[in-house]
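Opening the notebook on this one.

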Amino acid sequence: MALNKTTEHRPSRDHHHEMSLDDTFDFLNTIELESGSLVDHFETFEDAASWLIGRGVCHKGRGPTALRPQGVGDGEALARVRTVREALRDVAHAVSHGRPAEPDSLAEVNRAIAARERIELVRSPDGVSVGHSHVGDPLDDALARLADPLVHEIGAGRADRVRICANDTCRWVFFDESRGGQRRWCDMASCGNRAKAARHRARAKAKTATKTEPSETARAN
C-alpha cells in the first residue's frame, strides 16, 4: 500500500483523535465468530468508515466520504481497512502465543504506522505554535491511530497481556488487566462460565458412561 508522499501542514488546535487500546481491540473484533461462523461487520466501506468516524477519527458531522481517499474506490478502500485489521490480528495472535508474527503482517502494520500524522512546530502570527503534518491520506491516518495503542503496549513490554479468548467459539482479542495476569476469557460471565459448564457436562457424561458400562464379568455371563 503506497503512501501519499505529499506532506500537508496544519495547525493542531482541536485536531485530537487519539485512539485507546479498547478502540484498537474493538476494531480487531469487528470480525468475529458467531454460532461457529465468521462474521465480518465491515461488509461495505460505508460500514467501516461509519465505525471509524464513530470512534472520532474525523471531526464530528463528517460522513464516510471524509475518509475515502481521493481516486480510490470503495472496494479498494475497504480492502485497505481489512488488510490492516488482519495484520494487527496476526500480530496480536503472535504475541499472545509467543510466536513470531508473519513478515507480511509486520510490514503491513509498519506501513500503517508510517502514515501517522507528525507533530511539529509551525509558524504563527505571534511566533510559533504546535501543528501537525499528514503523510498519508485520512484513511491511512485513521488506521495508523488504531495501530498505535497495540504498538505502544508491545514497546512498553506488556505484549504478554495481549490475549485471545480461550473459548473456541469466541476468540476475541482482549487485554489482560488482572493483577495476576492469568485471565483466559474475554468475559468470565459469558465465555468463562460457558466453558466451565461445558467441562462440567463432559465430566458428568464421562462418569455416567463409566457407571453404565457393563463389567467384564457381566459380559462373560
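I started at L88 and looked up its contacts, skipping neighbours within four places in sequence: F27, L28, V109, A147 and L150. Keep in mind that this is a predicted model.

Next I checked the core around it. The largest nonpolar core has 37 residues, and F25, F27, L67 and L88 touch the most other members. Elements giving two or more residues to this core are α1 (21-28), α2 (45-54), α3, α4, α5 (138-155), β6 (162-164) and β7 (173-175). The largest share, nine residues, comes from α3. I also found a second, separate core of six residues, with C165, F174, W185 and C186 among them.

Helix α3 runs over residues 74-97, and its 24 residues should span 34 Å at 1.5 Å a residue. The end C-alpha atoms of α3 are 34 Å apart, so that agrees.

What follows α3? I found G98, with a positive phi near 65°. R99 is in the loop between α3 and α4 (103-114). I noted R99 as partly exposed, because its relative accessibility is 35%. Not counting residues up to four places away in sequence, R99 touches D90, H93 and A94.

Last stop, the surface. I119, L121, V128 and V130 make a nonpolar patch of about 420 Å². Strands β4 (118-124) and β5 (127-134) each give two or more residues to this patch. Is V128 buried or exposed? V128 has 54% relative accessibility, so I logged it as exposed.

How values were computed. Residues are numbered from 1 along each chain as its sequence is written. This is a predicted model: local features need pLDDT of at least 70, side-chain atom pairs count only at pLDDT 80 or more; totals for chains, interfaces and linings use all residues. Side-chain values use heavy atoms; hydrogens and water are left out. Patches are made of residues with over 30% relative accessible area and no salt bridge: like charges are joined within 9 Å, nonpolar side chains (Val, Leu, Ile, Met, Phe, Trp, Tyr) within 5 Å. Accessible areas come from the Shrake-Rupley method with a 1.4 Å probe; for residues, only the protein chains shown count as cover. A salt bridge is a side-chain nitrogen of Lys or Arg within 4 Å of a carboxyl oxygen of Asp or Glu. Helices (H or I, at least four residues) and strands (E, at least two) are DSSP runs, numbered from the N terminus. Buried means under 20% relative accessible area, exposed over 50%, partly exposed in between (1.4 Å probe, protein chains only). The expected span of a helix is 1.5 Å times one less than its number of residues. Contact means heavy atoms within 4.5 Å. A nonpolar core is a set of buried Ala, Val, Leu, Ile, Met, Phe, Trp, Tyr and Cys residues joined through side-chain atoms within 4.5 Å.
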